[in-house]
Amino acid sequence: MRKTLTCIICPNGCSLEVVSDENGFSVTGNLCARGEEYAKEEMCNPMRTISSSIRLLNGDMEIVSVRLSKPVPKAMIFPIMEVIRSAFTEAPVHIGDVLIKNVLGTGADVIATRNAERR
């Protein structure tokens with residue numbers, strides 16, 4: 001199997017050519033070793049991070065921005081977003097507060113990226 005990817009690890013944006021066969025993967029087009037690592041991970045177990053927002057009760061704003069503490073498998077994005085969409089928290093909230101611990105058993109926490117005070 002042959003696949004072309006654009007590396008997103010550094011600003012170079014290398015066009016990677018990945019060829020897989022029974023012996024593994026070969027990667028060409030990368031200007032650094034990180035591109036080869038990225039291509040192999042993207043082929044075997046693509047990971048993503050999520051940034052979103054959670055509803056805020058009794059706060060000085062209606063929502064508070066959040067992100068995941070670490071990347072999760074790409075297939076988990078939509079299930080995790082369902083959890084985030086249905087969640088809410090009470091003000092005050094501070095940057096770094098864990099609002100949802102170990103979301104869907106992924107080991108990733110949903111953490112606040114903004115302060116929000118009580119109204």
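Is Arg2 exposed or buried, and what is its relative accessible area? Arg2 is exposed, and its relative accessible area is 61%. The legends below describe close-up views of a predicted model.

**View 1. Salt bridge between Arg2 and Glu17.** The side chains of Arg2 and Glu17 form a salt bridge with an N to O distance of 3.3 Å. This pair connects distant parts of the chain, with Arg2 in strand β1 (residues 2–6) and Glu17 in strand β2 (residues 15–21), 15 residues apart. Arg2 is exposed at 61% relative accessible area, whereas Glu17 is partly exposed at 23%.

**View 2. Salt bridge between Arg118 and Glu90.** An N to O distance of 3.1 Å defines the salt bridge between the side chains of Arg118 and Glu90. Here too, distant parts of the chain are linked: Glu90 belongs to strand β8 (residues 88–90), Arg118 lies in the segment after β10 (110–112), and the two are 28 residues apart. Arg118 is partly exposed, at a relative accessible area of 46%. Glu90 is likewise partly exposed, and its relative accessible area is 36%.

**View 3. Salt bridge between Asp109 and Lys101.** In this pair, the closest N and O atoms of Asp109 and Lys101 are 3.7 Å apart. The contact counts as a salt bridge because the Lys nitrogen lies within 4 Å of the Asp carboxyl oxygen.

**View 4. Cys14 and its closest cysteine sulfur.** The cysteine sulfur closest to that of Cys14 belongs to Cys10, at 5.7 Å, which is too far for a bond. Cys14 counts as buried, with 8% relative accessibility.

**View 5. Cys32 and its closest cysteine sulfur.** For Cys32 the closest cysteine sulfur is also in Cys10, at a distance of 4.6 Å. The separation is too far for a bond, because a disulfide requires sulfur atoms within 2.5 Å. Cys32 is partly exposed, and its relative accessible area is 26%. The count of disulfides in the model comes to zero.

How values were computed
Residues numbered from 1 in each chain as written. Predicted model: local features only at pLDDT ≥ 70, side-chain atom pairs only at ≥ 80, totals over all residues. Heavy atoms only, no water. Helix = DSSP H or I, 4+ residues; strand = E, 2+ residues; numbered from the N terminus. Buried < 20%, exposed > 50% of the residue type's maximum accessible area, 1.4 Å probe, protein only.
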